[in-house]
Amino acid sequence: MSVFHSFSVEQTEAFAEEFAETLKSGDVVALFGGLGMGKTAFVRGLARGLGVTCAVSSPTFALMHEYGGRVPLWHFDMYRIASLDGLYSTGFFDYLEGGGVLAVEWAENIEAALPESAVRVRLERGGSDCERIITIEERGFTDESAGG
């Protein structure tokens, strides 16, 4: 487990961009955290780190956005998913086998369906309104490798 303290959107994006270098095809990044905690900012950084050059936005209404990069990035928003049937309708299970990286916002809504190997990223408010505590629970990524 590693913990990073971010004090700006830019720091969150930079941290995620560096973290993206550890990702490979088939990885699932499950993002946990309330409204306004920086999940989409984290995905913007991941996208940059994966070589995505277009603008990245929250797929709240579309449920999923696809981005091309050195590895395809599929960005899901599970905020409105309340059942397994709803999850199937997103195509989530098909993308698990698709050879890209899945970034899943509001992963708490589908936690039972996440693969055991999913990288769990928790974003929480810190001691000030702009501070975010980012905790990564996964294999081989430590504070030292992120400079933090």
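Does Cys54 count as buried, partly exposed or exposed, and why? Cys54 counts as partly exposed because its relative accessibility is 45%, where buried means under 20% relative accessible area, exposed over 50%, and partly exposed in between (1.4 Å probe, protein chains only).

This is a predicted model, in which local features need pLDDT of at least 70 and side-chain atom pairs count only at pLDDT 80 or more, while totals for chains, interfaces and linings use all residues. Residues are numbered from 1 along each chain as its sequence is written, and side-chain values use heavy atoms, with hydrogens and water left out.

| Cysteine | Relative accessible area |
|---|---|
| Cys54 | 45%, partly exposed |
| Cys130 | 43%, partly exposed |

The structure holds zero disulfides, a disulfide being a pair of cysteine sulfur atoms within 2.5 Å.

Helix H2 (residues 39-49) is largely enclosed by the rest of the structure, because nine of its 11 residues are buried; helices (H or I, at least four residues) and strands (E, at least two) are DSSP runs, numbered from the N terminus. Among the buried residues of H2 are Phe42, Val43 and Leu46, and the buried residues pack against elements including helix H1 (9-20) and strand E4 (73-77), with contact meaning heavy atoms within 4.5 Å. Just after H2, Gly51 takes a positive phi of about 90 degrees.

H2 also gives three residues, the largest share, to the lining of the largest pocket.
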